[in-house]
Amino acid sequence: MNATVAVSPMLLDPYRITRVTEETNDTFTLELSPADGRSRFSYQAGQFNMVYVFGVGEIPISISGDPTVDGVLVHTTRAVGTVTKVMHRMKKGGGLGIRGPYGRPWPMEHAEGADMVIVAGGIGLAPLRPALYHVLSRREKFGKVVLLYGTRSPEDILFRNELELWRSRFDLDVFVTVDHALRPWRGNVGVVTTLIPKAPFDPHSAVAMICGPEVMMRYTALELHKRGVPEYDIFISMERNMECGVGLCGHCQFGPTFVCKDGPVLNYSRVKHLIAKREI
Amino acid sequence: MKQTIDRDGVDHLLGALQKLGYETIGPTIRSGAILYDTIRTTKDLPVGWMDTQGAASYRLTRREDDELFGYVVGPMSLKKFLFPPELRLLSLARTNGTMTVTEPVGSQGGHKRAVLGVRACELAALAIQDKIFLDGPYRDPHYEAERRKLFIIAVNCTTTGGNCFCTSTGTGPAATSGYDLCLTELGASSGHALLVETGTEPGEDLLRSLRAKEATGEELAIARARVESAKLHIGKTLEVEGLREALHSGMDDPRWDNVALRCLSCGNCTQVCPTCFCSTVEDVTDLSGREAHRIRKWDSCFTLDFSYIHGGSVRQSVRARYRQWLLHKLDTWIDQFGMMGCVGCGRCITWCPVGIDITEEASALHQQHAVSLRPSGE
Amino acid sequence: METLEPILAQHPFLQGLDPAMLSLIVGCASNVRYDANQILFEEGDEATQFFIIRSGHVAIEMNVPGRGAVTIQTIGEGEILGWSWLLPPYLWHFTARAAELTRAIALDGTCLRTKCEQDAPLGYELLKRFAHILEGRVESMRLQLLDIYSER
């Protein structure tokens, strides 16, 4: 044991909300800065923070901002539970407690030199957005970059303005699909896996990063593998009940993996046998 | 150092520790069981009592002699001192929308506690919890502070509990390390003397202050024989070799459905288990909403909520939750911490209201899915 | 039509087909074009054709009272649209509308059906290939059915 006693990993830093954006009817983005105006923080794409609402609770939220931009912490989340519903009512100036960043990030270095396939389902686009920012800031290090995004309906499309901007770039391919739509929608309708067979990338020299509902990630990984992407080049972002974020409370276990510290980004080849089993 | 003391010597030991500012804790009878609580002298020990343990059964019965330590383990373990069932982690205050942390944990110094009567399996469990709370990328400062101030007087088992299987897990009955002092009761024929072995410098210092006698060869032999005899009476085994492979191939075995019919998912096993470490945090505020506290509490993987993510719990069935507990204890714990999570103390068998036996469940799966590890012909 | 044979021969759907069978199919093929929002066929219409989309895409819609025409799938370039011509009662179960300017090869289902009745091996080949497409569609539909992005 060391001579000094450790600082509690449960200690949090007060942050302030600097901007609130309504993304869709149940999804919102908060931009935050340290309350003391001085603290610095840095993170990598794919990591998350434990976000605390005073007296209500603490939940893990992926960081959805640009890791190359200093000073602003961005979190996008759905208002589905007690804590997020309270968060959804907060305004600019409101205070939140932040601990982090935690977790294994997306394998950006591993992917250099290869094509990159980013497949997002629903809110899964939020933890993948930082990866895309990272890629675009070092565009020359990667081959073809393809973003495949599927969500429920056109009203649920996240970061729509940004998607349209990315789509207009010459060095990025963006394909969007929805599960169902009404007449004004002229884009693809169908599940996101249907975008894989024709997506413009070389499966033998590609790294895939997938994030979305677990069943979507499972089928997407299978479809990518069918196309020829080796399983060890496929990465998913797993979700389990993370409560402490530091591997001490035991809640987020997925087989031997602590999703909070061994993940949430996991190599598909290491978990493919578990992910197909019920109730692990 | 290997020396002998008599019963008064044990009282002197306790007195010396009290003078040094330690709260002396030891086994004592409370609520019909042998629990750890504050003791002053050997009179507080369950002298002449033993614990008869079976599946879903614990009874205190009188021994025919007056041994100080003629029993094995009660429902509690050292876990409750270093990793308490309830602990305030953080207190916060809020004024004008700004929150500040008013009381972080980890800055307190920890209590000086001396625990008498710690068994080999408990020492093994302590080593496991040390690995969990002190050896990872994030450490528990409360555990660390309390751990530093813990003085351990181990006791070698000279008797066996009905549910013990420490010989299978390699964690007993003899205590080999992790203690400051270790006592072995030599019995009436040796005048109720006790062998004292030292494990650390503080242990040596304390023993020196007692002016004990050097242990004779005969006394050492008696001590060894008594501990050996405990081994002979162990009634359960956990076949460890090939167990992991069998559990992996038996993930969908109907045995899990069978145990699910019996298991109440009450979580008793996780409470009494000396290595279980799951916890949750509760948030409480005062009525004004200006003060908030984050309280850590023991949690159990047997609760339905444990694996809750939006949309529902991942492990909805009792089948899945029992499987999670057993696989974690005997299999995935090894991937996570380098050793099995089970120390063979048998508490989970004793305190399970329906008497589910981890060794029986493991054995059933092992037999069904035994994978031959040896090349054919050998 | 001679001009369509090379295009059809290269299409994955017809790849590996015996040249004689391919000629039979080509004999039932013609070029078609639909403007944006033009309806190819309506739910309940007699199913007499199927399409191989060459460019553009087609929205498959179902009419839900109170919600209107809901697009549940889009069929794009290189994909096959329609199998109702093959199985009784030979009626379309959904509406197909060109979502943008779409060019396709239309195959005369009635003509082909007759040929399949007479030439069992041809019929078997076509059924196998359609079964494969249907399998893919069912798998995708299953995922859509799960409504994985919903709150619960």
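Entry 1: I started at B:His192, which sits in the loop between β10 and β11 (194–198) of chain B; helices (H or I, at least four residues) and strands (E, at least two) are DSSP runs, numbered from the N terminus. A note to keep beside everything below: this is a predicted model, where local features need pLDDT of at least 70, side-chain atom pairs count only at pLDDT 80 or more, and totals for chains, interfaces and linings use all residues. Residues are numbered from 1 along each chain as its sequence is written, chains are lettered from A and ligands numbered from 1 in the order in which they are written, and side-chain values use heavy atoms, with hydrogens and water left out.

I went to B:His192 for its phi, which is positive and near 60° in a residue other than glycine. Most residues other than glycine have a negative phi, and most peptide bonds are trans. B:His192 has a relative accessible area of 24%, so it is partly exposed (buried means under 20%, exposed over 50%, partly exposed in between; 1.4 Å probe, protein chains only). I then found B:Ala56, with a positive phi of about 55°. B:Ala56 belongs to the loop joining β4 (49–54) to β5 (57–62) of chain B, and its 36% makes it partly exposed.

**Entry 2: cis peptides.** In chain B, a cis bond links B:Gly172 and B:Pro173 with omega about 0°; the loop holding B:Pro173 runs between α5 (166–169) and β10 (181–185).

**Entry 3: B:Tyr36.** I looked up this tyrosine in strand β3 (residues 33–38) of chain B. Is B:Tyr36 buried or exposed? Its relative accessibility is 8%, so B:Tyr36 counts as buried. The side chain of B:Tyr36 makes a 2.7 Å polar contact with that of B:Glu122 (a pair of N or O atoms within 3.5 Å; within protein, one must be able to donate a hydrogen and the other to accept it, and residues adjacent in sequence count only if both atoms are side-chain atoms). A polar atom of the B:Tyr36 side chain also lies 3.4 Å from the backbone oxygen of B:Gly117. Beyond four places in sequence, B:Tyr36 has contacts including B:Ile25, B:Met76, B:Phe81 and B:Val118, contact meaning heavy atoms within 4.5 Å. I also noted B:Val73, 37 residues from B:Tyr36 in sequence and 9.9 Å away in space, C-alpha to C-alpha.

**Entry 4: A:His75.** This histidine is in strand β5 of chain A. A:His75 is at 3% relative accessibility and therefore buried. Its side chain meets that of A:Asn49 in a polar contact of 3.1 Å, and a polar atom of the A:His75 side chain is 3.4 Å from the backbone oxygen of A:Ile61. Other residues that A:His75 touches include A:Phe28, A:Leu32, A:Val51 and A:Ile98.

**Entry 5: domains of chain A.** Chain A splits into domain 1 (13–102) and domain 2 (108–275), bounds that come from an automatic or database domain assignment. Their C-alpha centres are 22 Å apart. I see 24 residues of domain 1 in contact with 22 of domain 2. The two bury about 1,700 Å² between them, 66% of it on carbon and sulfur atoms (accessible area, 1.4 Å probe, lost on putting two parts together, summed over both). The polar contact count is 2 residue pairs. β5(A) gives the largest share of domain 1's side, 4 residues.

**Entry 6: chain A against chain B.** The chains bury about 4,300 Å², with 60% from carbon and sulfur atoms, and the contact takes 46 residues from chain A and 56 from chain B. There are 2 salt bridges (Lys or Arg side-chain nitrogen within 4 Å of an Asp or Glu carboxyl oxygen). In a salt bridge, B:Asp252 and A:Lys277 meet at 2.8 Å, N to O. Polar contacts join 15 residue pairs. On the chain A side, β6(A) gives the most, with 5 residues.

**Entry 7: cores.** The largest nonpolar core has 114 residues, and A:Leu148, A:Phe254 and B:Trp325 are among those with the most contacts inside it (buried Ala, Val, Leu, Ile, Met, Phe, Trp, Tyr and Cys joined through side-chain atoms within 4.5 Å). Helix α3 (residues 120–134) of chain B gives the most to this core, 10 residues. A second, separate core has 37 residues, including A:Met108 and A:Val265.
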